[in-house]
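Here are my notes on the disulfides of this model and on one residue beside them. Please read them with the structure open.

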Amino acid sequence: MSNLICVAVLVASTLIANVNAGYMVQGSCPDDENGRPYHPGDQWNEGCYSCTCSTGFYGCNERFPTCTYPDGCMKVYNDDGCEIMAVMENQADQVCDPMYCVM
């Protein structure tokens, strides 16, 4: 029995490691804003995530990357709190180029 638990933990940790900047939920898909359940193949946005319903689970991945910008840049967020870009601190009309981004 303890070997079975170890295998289950190993599989779960592998699944979590493969879901980069997102998450998976086992079970039925949630309901939409009108109370109707999502069905396999349905897609929706949930905050900063884009989600897809599958049979027996649903998964969500970030829609926007998280970036690192040079000094003097200020990150800009949308209404959901998702990072969408950066601008110069003293010149808000000048967009900063990211040094690197991760999804």
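1. C82 has 2% relative accessibility and therefore counts as buried, where buried means under 20% relative accessible area with a 1.4 Å probe on protein chains only. The model is predicted, so local features need pLDDT of at least 70 and side-chain atom pairs count only at pLDDT 80 or more, while totals for chains, interfaces and linings use all residues. Residues are numbered from 1 along each chain as its sequence is written, and side-chain values use heavy atoms, with hydrogens and water left out.

2. C82 is joined by a disulfide to C48, S to S 2.0 Å, a disulfide being a pair of cysteine sulfur atoms within 2.5 Å. The link of C48 and C82 is left-handed, with -110° about the S-S bond. C48 sits in the loop between β2 and β3 and C82 in the loop between β6 (73–77) and β7 (83–88), 34 residues apart; strands are DSSP runs (E, at least two residues), numbered from the N terminus. C48 is buried as well, its relative accessible area being 17%.

3. Another disulfide connects C29 and C53, S to S 2.0 Å, and because the torsion about its S-S bond is about 95°, the link is right-handed. C29 lies in the loop between β1 and β2 and C53 in strand β3 (residues 49–54), so this pair ties together parts that are 24 residues apart in sequence.

4. C51 and C60 are also joined, S to S 2.0 Å, and both are buried.

Technical notes. Helix = DSSP H or I, 4+ residues; strand = E, 2+ residues; numbered from the N terminus. Buried < 20%, exposed > 50% of the residue type's maximum accessible area, 1.4 Å probe, protein only.
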